[in-house]
Amino acid sequence: MMPGGSLLDTHLTNLAAALVPYRRCESQLARWGADLAHRLAAGGRLLVAGNGGSAAEAQHLTAELVGKLHHDRQPLSAIALHAETSALTAIANDYGYTDVYARQVRAHGRPGDVLLLLSTSGSSPNLVSAAQAARDAGLTTWALTGVAPNPLADACDEVLAVASPDTQVVQELHLVTSHLLCEYLEQELAATTGPAVGHPVPADPAPAGRLGSGPVRAGVEVVLDGGSGQQVDA
């Protein structure tokens with residue numbers, strides 16, 4: 001049995017190390033959230049995919065968008081491709097596992113939609129294949145990965161890469177990313193349409209970087225070994 005607290009300290013140390021470079025992603029998160037707000041409110045669709053734990057995180061994100069994170073608003077079209085289990089297993093059986101997401105992208109994706117792919121390694125062949133199918137179909141492709149460069153980052157238009165070799169830390173910051181994307185999206189919708197539910201955002205989007213008036217918290221302070229610090233913001 002390991003000494004008390006050693007596993008926790010190691011995990012938090014790895015997380016704290018990744019948080020420093022992650023804080024530099026704020027402008028990208030804000031831009032992605034605002035972009036999604038305009039695309040989805042105007043009738044576009046977000047397709048999301050991952051494998052294993054990343055599949056669970058993909059489904060978490062789509063649930064927040066079809067439902068809500070904080071504010072009551074119009075439902076937004078977002079589909080976790082792994083959750084269509086009959087289609088997924090049929091495609092795997094007939095075409096192979098590498099094509100399970102690419103074929104769904106070709107079926108559901110339309111020009112102007114967004115495909116967001118989550119992978120800790122950035123090397124999953126089925127995700128790289130999906131990115132290539134999406135780009136051929138005119139979708140915008142984003143990736144959440146671990147350390148870059150990696151094949152998935154190279155295959156997508158943009159990547160947010162978590163600078164950690166620890167798979168658990170990468171997945172945890174991917175979840176933070178999903179929540180922040182939803183926060184920025186809801187802030188942009190409120191700034192554009194007001195609090196009323198069901199009013200579409202104009203098709204001509206405002207500049208990608210424009211946000212609402214309230215700040216979104218993206219910094220985190222972690223203090224180890226019994227020190228005192230500020231409350232964690234996420």
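# Exercises on a predicted model

Leu69 is in contact with Glu64, His179, Cys182, Glu183 and Glu186, once its neighbours within four places in sequence are set aside. The model is predicted.

## Exercise 1: Leu69

Task: State where Leu69 is found, and how far apart Leu69 and Leu185 are in sequence and in space.

Solution. 
- Step 1. Leu69 is found in the loop between α3 and β2 (78–80).
- Step 2. Count along the chain. Leu69 and Leu185 are 116 residues apart in sequence.
- Step 3. Turn to space. From C-alpha to C-alpha, Leu69 and Leu185 are 9.8 Å apart.

## Exercise 2: Helices α1 and α8

Task: Describe how α1 and α8 cross, and name the residues that meet.

Solution. 
- Step 1. Locate the helices. Helix α1 covers residues 6–22, and helix α8 covers residues 167–193.
- Step 2. Read the geometry. Their axes come within 10 Å and cross at roughly 45°.
- Step 3. Classify the angle. This angle makes α1 oblique to α8.
- Step 4. α1 and α8 cross in a right-handed way.
- Step 5. List the partners. From α1 come His11, Asn14, Leu15, Ala18, Leu19 and Tyr22. They meet Gln168, Val169, Glu172, Leu173, Val176, Thr177 and Leu180 in α8.
- Step 6. Sort by class. The contact of α1 with α8 has eight nonpolar residues, four polar and one charged.

## Exercise 3: Helices α2 and α8

Task: Work out the packing of α2 against α8, then sort the contact residues by class.

Solution. 
- Step 1. Read the geometry. The axes of α2 and α8 are 7 Å apart, and the helices pack at an angle of about 55°.
- Step 2. Classify the angle. α2 and α8 are therefore oblique to each other.
- Step 3. The crossing of α2 and α8 is right-handed.
- Step 4. Name the residues. α2 contributes Glu26, Leu29, Ala30, Trp32, Gly33, Ala34, Leu36, Ala37, His38, Leu40 and Ala41. α8 contributes Thr177, Leu180, Leu181, Tyr184, Leu185, Glu188, Leu189 and Thr192.
- Step 5. Sort by class. In the contact of α2 with α8, 13 residues are nonpolar, four are polar and two are charged.

## Exercise 4: Salt bridges

Task: How many salt bridges does the structure hold? Describe the pairs of Asp35, Arg106 and Asp157.

Solution. 
- Step 1. Take the total. The structure holds four salt bridges.
- Step 2. Start with Asp35. Asp35 forms a salt bridge with Arg39, and the closest N and O atoms are 2.8 Å apart. Both residues lie in helix α2 (residues 26–41); they are separated by about one helical turn because they are four residues apart. Asp35 is partly exposed at 22% relative accessibility. Arg39, with 24%, is also partly exposed.
- Step 3. Take Arg106. Its salt bridge is with Asp99, with the closest N and O atoms 3.2 Å apart. Arg106 is partly exposed at 45% relative accessibility. Asp99 counts as buried, because its value is 16% and buried means under 20%.
- Step 4. Finish with Asp157. Asp157 pairs with Arg135 in a salt bridge, the closest N and O atoms being 3.3 Å apart. This pair links distant parts of the chain, 22 residues apart. Asp157 is in the loop between α7 (151–155) and β5 (158–161), while Arg135 is in helix α6 (residues 125–136). Asp157 is partly exposed at 39% relative accessibility. Arg135 is partly exposed at 42%.

## Exercise 5: A peptide bond

Task: Is the peptide bond from Ala148 to Pro149 cis or trans?

Solution. 
- Step 1. Locate Pro149. Pro149 sits in the loop between β4 (140–145) and α7.
- Step 2. Read omega. Omega is near 10° for the bond from Ala148 to Pro149, and the bond is cis.
- Step 3. Most peptide bonds are trans.

Conventions. Residues numbered from 1 in each chain as written. Predicted model: local features only at pLDDT ≥ 70, side-chain atom pairs only at ≥ 80, totals over all residues. Heavy atoms only, no water. Axes fitted to C-alpha atoms, helices over the stretch in contact; angles between N-to-C directions. Helix = DSSP H or I, 4+ residues; strand = E, 2+ residues; numbered from the N terminus. Parallel < 35°, antiparallel > 145°, perpendicular 65-115°, else oblique. Left-handed = near helix turned anticlockwise from the far one by under 90°. Contact = heavy atoms within 4.5 Å. Nonpolar A, V, L, I, M, F, W, Y, C, P; charged D, E, K, R; others polar. Salt bridge = Lys/Arg side-chain N within 4 Å of Asp/Glu carboxyl O. Buried < 20%, exposed > 50% of the residue type's maximum accessible area, 1.4 Å probe, protein only.
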